[in-house]
Amino acid sequence: MLRSLVDKLEKEERLSGAEFERLIAGRTPELAGYVFEKARKARERYYGKKVFIRGLIEFTNYCRNNCLYCGLRRDNRAAERYRLTEQEILECCAEGHALGFRTFVLQGGEDPFFADELLCRIIRSIKKDFPDCAVTLSLGERDAESYQRFFDAGADRYLLRHETADEEHYARLHPPSQSPGERKRCLFSLKDIGYQVGCGFMVGSPYQTPKHLARDMLFMQDLEPHMVGIGPFIPHHATPFAREPAGTLELTLFMLGLTRLMLPSVLLPSTTALATIDPKGRELGILAGANVVMPNLSPPGVREKYLLYDNKATTGAESAQAVRELKEVMKALGYSVVVDRGDFVPPKSQPERPNESGLKSQPEPQPGSQPELRPKSS
Ligand code: 5AD
Ligand code: SF4
């Protein structure tokens, strides 16, 4: 009975790989409804009816990588590249702050132009001008020293999706120069430094099977991230995966629900990709257990150039009117958008957690390496 596996996941906050695979492969609409109901209860235990908003600033679309799925890959010569200046980034923050945003997410491709010194200066400026705000970085793989410098400059959180925890699957989505081991090392190193850390994966990426998704769940059991980004794969016309089908709304929602049950206090966005494949995607994500929305604060002139996939939805909320609309939509679901940094709340009870995943990630997190969440500057 799959329901009993859902009950077990809710109670113990973990399952074996085989159990996750059975749940995912055997899911039905009824089972999904059961998962979502429990997922909503779990998120409300920690965050009540609050929905946190994050202002996304896409500050560069240059990327030295060549991920096969992404429209910003190096080999896409047709992409029109841009970089925001420090001044432009600060203007985005000022606009966002006035709209009630208290977290800014600096997201970009892996762009060596933004050397450590420049990024540290930008982070310090944001923290100085907006001391009540959290700064989240999402700029890919760097060495541990760089991550430490950004943290010392004031960065609070780091998003780095692991994309897929399965090595063979990873190798089918990326060129050989990109390694899954390196990606995982980065995540553990970020956690060690003390960041609130987000990993994540695409649902329905080419060649993905329920077994791969089960491995993603096991990897997250080991990492215990503070944030998880999950969205459907959507093809981009100028990539090798142009003709691959998109991931489905249904499976993405199911994975959101399972993730909420496994990591009940995780910060879980209802992603732009989800809103892109279905006009009701964002709301359905919230009802499946998500508690974060990340509207775009990038200047209008560059927004249509940050194209990871085709037909990217505009997230709205970049204007006072759009924020009001987002609040209305959430209110209609019984939730309320709050003006808050929206920091991670540590889980209340850590149930007994024997390590049975067999996937204990290299390198082993050191005892006592759990991040001390720094005191809020607000
Ligand atoms: N479809 C959906 N998500 C994508 N991403 C990149 N390309 C695509 C795509 N075609 C996601 C990746 C990356 C994040 C920034 O966007 O998971 O980590
Ligand atoms: Fe670059 Fe990220 Fe796109 Fe990969 S997914 S090509 S790292 S922007």
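In the predicted model, helix α10 is largely enclosed by the rest of the structure, because 11 of its 14 residues are buried. The buried positions of α10 are Thr-252, Leu-253, Phe-254, Met-255, Leu-256, Gly-257, Leu-258, Thr-259, Arg-260, Leu-261 and Met-262. The helix covers residues 249–262 and reaches 20 Å from its first C-alpha to its last, close to the 20 Å expected at 1.5 Å a residue.

When residues up to four places away in sequence are not counted, Phe-104 touches Gly-55, Ile-57, Cys-93, Gly-96, Ile-126, Cys-133, Val-135 and Thr-136.

An open sheet of three strands was also identified, with the order β8-β1-β9 and parallel pairing. Strands β8 (292–293) and β9 (336–338) stand at the edges with a single partner strand each, so one side of each is left without a neighbour in the sheet. Strand β1 (residues 50–53) is joined to β8 by two bridges, and these strands run parallel. Ile-53 has Val-293 in β8 as its bridge partner. In general, strands of a sheet pair through backbone hydrogen bonds.

The surroundings of ligand 1 consist of Tyr-69, Cys-70, Arg-161, Glu-163, Met-202, Gly-231, Phe-233, Ile-234, His-236, Ala-273, Leu-308 and Tyr-309. By residue class, this shell comprises eight nonpolar, two polar and two charged residues.

Technical notes:
Residues numbered from 1 in each chain as written. Chains lettered and ligands numbered in written order. Predicted model: local features only at pLDDT ≥ 70, side-chain atom pairs only at ≥ 80, totals over all residues. Helix = DSSP H or I, 4+ residues; strand = E, 2+ residues; numbered from the N terminus. Expected span 1.5 Å × (residues − 1). Buried ≥ 20, exposed ≤ 12 C-beta atoms within 10 Å, placed from the backbone. Near = placed C-beta within 6 Å. Nonpolar A, V, L, I, M, F, W, Y, C, P; charged D, E, K, R; others polar. Contact = placed C-beta atoms within 7 Å. Pairing = 2+ DSSP bridges.
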